[in-house]
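Here are some exercises to work through with the model open beside you. Try each task before reading its solution.

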Amino acid sequence: MSAQAVPTPSSYEHLLDVHDLVMEFPVKGGGIFRKVIGKVQAVSGVTMYLDAGETLGVVGESGCGKSTTGRAILQLHKPTSGSVTLRGKELTTMSNEDLRGVRRNLQIVFQDPYASLNPKMPVNDIIGEALKIHGLWEKDGLDRVGDLLKLVGLSPEHGNRYPHEFSGGQRQRIGIARALALEPEVLILDEPVSALDVSVQAGVVNLLEDLQDTLGLAYFFIAHDLSVIRHISDRIAVMYLGKVVETGTRDAVYNEPKHPYTVALLSAAPEADPNSERSRQRIMLTGDVPSPLNPPSGCRFRTRCWKAQDICAAEEPPPIDHGGGHLVACHFPVTDISKETASAALHAARGFSSGDPREGRQEALRRVESVESALDIAKGPVGGGGG
Ligand SMILES: Nc1ncnc2c1ncn2[C@@H]1O[C@H](COP(=O)(O)OP(=O)(O)OP(=O)(O)O)[C@@H](O)[C@H]1O
Ligand code: SF4
Ligand SMILES: [Mg+2]
């Protein structure tokens, strides 16, 4: 299917709709008046949606704005601008009282289960607290908490213990039980397994999948582990420096990535098959992630992109639909991954040859040549436009 421009939605049709969300944090200087001297552009015009019962995986490097997006959806950060609707109700303009009601339907599970559970409260109180705050605690409240503990694979007897008496995986199960107490439709899961040992991660991921099947939950699943994201997501949104650069079904994003950043990110993910893993060509991006205080003009990825052209600095690429809702914000989307991997390797080697004074020119040229021969590609100009 040919690429199409994406129309701006005039109505909201999904369970959760996020449209053009902007979240900026003021940076204050020293002195008595502590004047605002800049702003961190943490989230810059994010548009995404979540349907009932599905999982949207949100992935990207540290600092790209994943958690801020999740918190701004929940209105834990008041967005600078943009719209967040849940079942068609606008949250950004809601009073705090109305938001309390909405939060029954929209709950969050944090990365660090220990920091997010009050160490001085027994588990029954931690889970029961949400019911009490919302006026839902009745005489069978403790039974309800016991049921929630069973739902997450613990037993009602665990309710009298304190958080420090549990393992990391068990503590995360308590965090999930607390989030489920109010019977929400949407869970924002902010790196829910990243702090856990690899051996217990699978148990918590399986639990989340079972709960989704049983309760029809929708997950906004933030992670930087690409294998977890691939396993659990129906659709994926890839973020870079406060923007969504690519979004689509899991298979579209993993099998046919089109944004250069996604291609680079996926090239770094280990393969389960040892043969594929041995032959995996990794793209090493050159340069640091720019500061969100002063992001690059046009495409924010252009300072690290091997395909960048003049237009990339001049014009921000709009998201274009490459078919089936596979949206890519790039002037020159990737069509041939192995060719791009070779181009990126050459770009990195050439950047290296001119960038590191400790390396002699001969050594740098040798590296360029070895990359060229290893990748078996023709010498000459690479990485140009249309590709
Ligand atoms: N309260 C805040 N005040 C100022 N800057 C903030 C605040 N919260 C986040 N930021 C900045 O916003 C940017 C996005 O941060 P965020 O925590 O959303 O990233 P992330 O993608 O979740 O990263 P990680 O993978 O490390 O959790 C970062 O530059 C961060 O320093
Ligand atoms: S080709 Fe241009 S628009 Fe596309 S990611 Fe690279 S710099 Fe950005
Ligand atoms: Mg985060």
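**Exercise 1.** Find which residues come nearest to ligand 1.

*Solution.* Count a residue as near when its C-beta atom, placed from the backbone, lies within 6 Å of the molecule. Of the 13 residues around ligand 1, the nearest are F25, A42, S62, S67 and T68. This is a predicted model, in which local features need pLDDT of at least 70 and side-chain atom pairs count only at pLDDT 80 or more, while totals for chains, interfaces and linings use all residues. Residues are numbered from 1 along each chain as its sequence is written, with chains lettered from A and ligands numbered from 1 in the order in which they are written.

**Exercise 2.** Work out which element supplies the largest share of the shell around ligand 1.

*Solution.* Take helices (H or I, at least four residues) and strands (E, at least two) as DSSP runs, numbered from the N terminus. Both β3 (36-50) and α1 (66-74) give at least two residues to the shell. The largest share, three residues, is from α1.

**Exercise 3.** Decide which residues of α6 are buried and which are exposed.

*Solution.* Count other C-beta atoms, placed from the backbone, within 10 Å of a residue's own: 20 or more means buried, 12 or fewer exposed, and in between partly exposed. Q201, V204 and L208 are buried. They lie on the same side of α6 because they cover an arc of only 75° around the axis, taken from the directions from the helix axis to the C-beta atoms. S199, D213 and T214, on the other side, are exposed.
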